[in-house]
Amino acid sequence: MRIVPPLATHGGRLLASWFPDLLWRVDSGGDKVAYLTFDDGPTASLTEPLLERLAQYDATATFFLIGGHAEAHPHLVRAIARAGHTVGNHTFTHPYPWQTPATTLQAQLDRTTKLLQDQTGHPVRYVRPPYGQINGAVRQWCELRAHRAVMWDVMPGDFLPNVDQPYIERFVRRHLRPGSIVVLHDNPIVDDATPAALDTLLRTLTADGWRFEAL
Ligand SMILES: [Zn+2]
């Protein structure tokens with residue numbers, strides 16, 4: 001029995017109607033397009049394997065980077081951007097937004113967007129709050145700084161210790177809809193499960209006519 005927090009995937013659909021400024025799913029007009037997102041990178045161990053798999057299937061994605069990790073691995077940030085992927089803001093130190101003073105949180109968001117823009121030469125326009133903890137401080141900052149907060153409608157919970165590769169594959173295949181935003185992790189906590197599942201999902205879903213695009 002594997003438990004993915006119910007809010008992770010199903011709660012989002014309810015919350016979407018309460019917070020229309022948040023992006024939960026893209027209107028793809030019914031086209032089989034999906035939006036893969038990778039949180040927490042860049043990492044020395046996983047970013048490159050993920051980039052290789054995406055390139056193999058002509059897929060682009062969105063990487064929500066932690067500023068501190070981006071500062072430590074600037075060449076990986078540039079590699080992500082160079083490959084045509086979108087780089088988004090995932091704060092500087094990955095704090096719990098609901099337990100962080102608004103000014104601290106907003107300063108982290110400012111610092112991270114500035115760093116990522118300096119590193120990539122592209123404007124940063126998307127934010128994902130750590131742990132999906134959206135709040136007034138993040139929403140206010142997004143409005144001030146013309147960013148969009150990106151949530152999701154498919155989260156297989158690849159970061160959970162009891163979630164393995166076959167589960168990730170089954171979960172994504174079962175829940176994927178046109179325009180879906182899928183959360184995966186560029187975080188060593190996922191071990192081999194995420195790159196392996198990504199490989200299978202890209203191969204099988206591409207064969208089924210799906211395309212994968214960056215936000
Ligand atoms: Zn995260």
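I take two strands as paired if DSSP finds at least two bridges between them. The model I examined is predicted.

I began with strand E2, residues 62-65. Which residue of E3 is the bridge partner of phenylalanine 63? I found valine 87 in that position. I then looked up the pairing as a whole: E2 and strand E3 (residues 86-89) run parallel and are joined by four bridges.

Next I turned to strand E1, residues 33-39. E1 pairs with E2 through three bridges, also in the parallel sense. Within this pairing I located aspartate 39 opposite phenylalanine 64 of E2. I followed the chain from E1 to E2 and noted that it passes through helix H2 (residues 47-56), giving a right-handed β-α-β crossover.

I also checked the side-chain directions along E2. Thr62 and Phe64 point one way, whereas Phe63 and Leu65 point the other way. Are these four residues buried or exposed? I recorded all of them as buried.

**Entry: helices H4 and H5**

I then examined the packing of helix H4 (residues 74-82) against helix H5 (residues 102-120). Their axes lie 9 Å apart, at an angle of about 70°. Angles of 65 to 115 degrees count as roughly perpendicular, and I therefore describe H4 and H5 as roughly perpendicular to each other.

Which residues form the contact between H4 and H5? From H4 I listed Pro74, Val77, Arg78 and Ala81, which meet Leu116, Gln119 and Thr120 of H5. Sorted by class, the contact comprises four nonpolar residues, two polar residues and one charged residue.

Methods
Residues numbered from 1 in each chain as written. Predicted model: local features only at pLDDT ≥ 70, side-chain atom pairs only at ≥ 80, totals over all residues. Buried ≥ 20, exposed ≤ 12 C-beta atoms within 10 Å, placed from the backbone. Helix = DSSP H or I, 4+ residues; strand = E, 2+ residues; numbered from the N terminus. Right-handed = clockwise from strand over helix to strand, strands pointing away. Axes fitted to C-alpha atoms, helices over the stretch in contact; angles between N-to-C directions. Parallel < 35°, antiparallel > 145°, perpendicular 65-115°, else oblique. Contact = placed C-beta atoms within 7 Å. Nonpolar A, V, L, I, M, F, W, Y, C, P; charged D, E, K, R; others polar.
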